[in-house]
Amino acid sequence: MNTPDAPSPALFDAFWRVVARHGWHGTTFARIAEESGESLADLRSRYATPVDLLRAYHRAVDQAVLEGTVPGQMSFGTARDRVFDLLMRRFDALAPHREGVLRLQRDLMRDPISALLLSPMLMASMAWTLEGAGVSTAGFQGTLRVQGLVGVWLSAARAWEGDESIDLGATMAALDRALDRAEKVARTLRLSEHEMPPQGPVEGGDAVPPDIVDPPLADTGIMVASAEAGEDGMPPGSGPSDLPDSPGDLRPA
C-alpha cells in the first residue's frame with residue numbers, strides 16, 4: 001500500500017506476532033511498540049486503535065491480491081474461475097501471518113460482538129474481489145453478490161484453518177464446493193457466463209467499492225462465521241430454502 005503513513009512490513013509482522021501471542025483482546029500498542037521497536041509516540045501519530053492497523057492490513061492484502069490482475073483478463077476464463085483465483089491469492093497473501101490470523105479467527109468466534117464490529121472490513125475486501133473478477137458490486141444486486149461471496153470465503157477459511165499442506169489442496173477443494181453451492185443460490189453472485197458483459201466496462205464498474213461497507217447481513221469478523229451461519233458457511237437468510245434452486249439461472253429473482 002503506497003501511502004506515506006502505510007505500516008511497514010516489519011510493523012505488520014510485529015502486530016501479528018502480538019496477536020498470535022496475546023490474542024486480539026491482549027493486543028495493545030505498548031506490546032506492538034515493544035515488538036516492533038517503534039515508539040508509542042510514533043504509533044499514536046498514525047493510528048488511534050489496533051483496529052486501524054487491522055484495517056490497514058486488510059487494504060494491503062486487497063492491494064496485493066488485486067496487483068495480480070492484468071488489463072484484459074476479463075476475457076479469459078469464467079467469472080467463477082477468476083473469483084476462485086483471487087480468493088486463493090488471498091490465502092497466499094495471508095500465509096506469512098497465518099498464526100496471528102488464525103488466533104484472531106478463534107478469538108472472534110468467541111466474541112460475536114467484536115466479530116460484527118469488524119465485519120465491514122471483510123465485506124469491503126469481498127467487494128474488491130468481485131470487482132477484480134469483473135463482477136459488478138453496484139446496487140442491491142451487488143450487495144447480494146458481496147454477501148454471497150462472504151459465505152463462500154467463510155466456508156473456505158474454515159478449511160484453511162486445518163489445512164497444513166503446501167498446495168492448500170483441502171482449502172481449494174472447500175472453495176470449489178462453496179462456489180458450486182453459491183452458483184445454485186440464485187440471488188447471490190450471478191457468476192454464470194451469460195450474465196457477464198462480453199466486452200467493455202463492467203456494468204456498474206464506475207462504482208468503486210468503499211473501504212468500509214455497512215453490511216445489512218454481516219455476521220463475521222476478518223474471516224469468522226457466527227453461530228447463526230449455516231453449515232455451508234452462507235450468511236443467515238441466504239440459503240437455498242428461500243432462494244430459487246437453479247444452477248443455470250443466477251439472476252436475482
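**Close-up 1. Salt bridges around Asp 107 in the predicted model.** In this predicted model, the side chains of Asp 107 and Arg 103 meet in a salt bridge with an N to O distance of 3.3 Å. Both residues belong to helix α6, where they stand 4 residues apart, about one turn of the helix. An α-helix has 3.6 residues a turn, so residues three or four places apart point the same way. Asp 107 also meets the side chain of Arg 110 in a salt bridge, here at 2.9 Å from N to O. Asp 107 is buried, at a relative accessible area of 8%, whereas Arg 103 is partly exposed at 22% and Arg 110 is exposed at 61%.

Close-up 2. The side chains of Asp 176 and Arg 80 form a salt bridge, with 3.1 Å between N and O. This pair links distant parts of the chain, since Asp 176 lies in helix α9 and Arg 80 in helix α5, 96 residues apart. Arg 80 counts as buried because its relative accessible area is 12%, while Asp 176, at 31% relative accessibility, is partly exposed. The structure holds 13 salt bridges, and Arg 17, Arg 21 and Glu 35 are linked in a network of such bridges.

**Close-up 3. Helix α5 and the helices around it.** Helix α5 comprises 16 residues, 79–94, and reaches 23 Å from its first C-alpha to its last, close to the 22 Å expected at 1.5 Å a residue. Its buried residues include the arginines Arg 80, Arg 82, Arg 89 and Arg 90, together with Val 83, Leu 86, Leu 87, Met 88, Phe 91 and Leu 94. The buried residues of α5 pack against α4 (50–66), α6 (98–109), α7 (112–132), α8 (139–161) and α9 (169–184).

Close-up 4. Phe 91 and Trp 160 form a tilted aromatic pair, with 5.4 Å from centre to centre and 35 degrees between the planes. Phe 91 lies in helix α5 and Trp 160 in helix α8, so the pair ties together parts that are 69 residues apart in sequence. Both Phe 91 and Trp 160 are buried. Arg 98 lies over the face of Trp 160, at 4.8 Å from the ring centre, and the charged end of Arg 90 sits over the ring of Trp 153, 5.9 Å from its centre.

Close-up 5. Phe 12, Phe 15, Trp 16, Trp 24 and Tyr 57 form one aromatic cluster.

**Overview. The protein chain as a whole.** The protein chain has 9 helices and 0 strands, and buried residues make up 49% of its 253 residues. Among contacts between residues at least 6 apart in sequence, 77% join residues at least 24 apart. The chain exposes about 11800 Å², of which carbon and sulfur atoms supply 56%.

Conventions:
Residues are numbered from 1 along each chain as its sequence is written. This is a predicted model: local features need pLDDT of at least 70, side-chain atom pairs count only at pLDDT 80 or more; totals for chains, interfaces and linings use all residues. Side-chain values use heavy atoms; hydrogens and water are left out. Helices (H or I, at least four residues) and strands (E, at least two) are DSSP runs, numbered from the N terminus. The expected span of a helix is 1.5 Å times one less than its number of residues. Buried means under 20% relative accessible area, exposed over 50%, partly exposed in between (1.4 Å probe, protein chains only). Contact means heavy atoms within 4.5 Å. Rings of Phe, Tyr and Trp (its six-membered ring) pair if their centres lie within 6.5 Å; planes under 30 degrees apart count as stacked, over 60 as edge-to-face and the rest as tilted. A charge sits over a ring if NZ of Lys or CZ of Arg is within 6 Å of the ring centre and within 35 degrees of the ring normal. Accessible areas come from the Shrake-Rupley method with a 1.4 Å probe; for residues, only the protein chains shown count as cover. A salt bridge is a side-chain nitrogen of Lys or Arg within 4 Å of a carboxyl oxygen of Asp or Glu.
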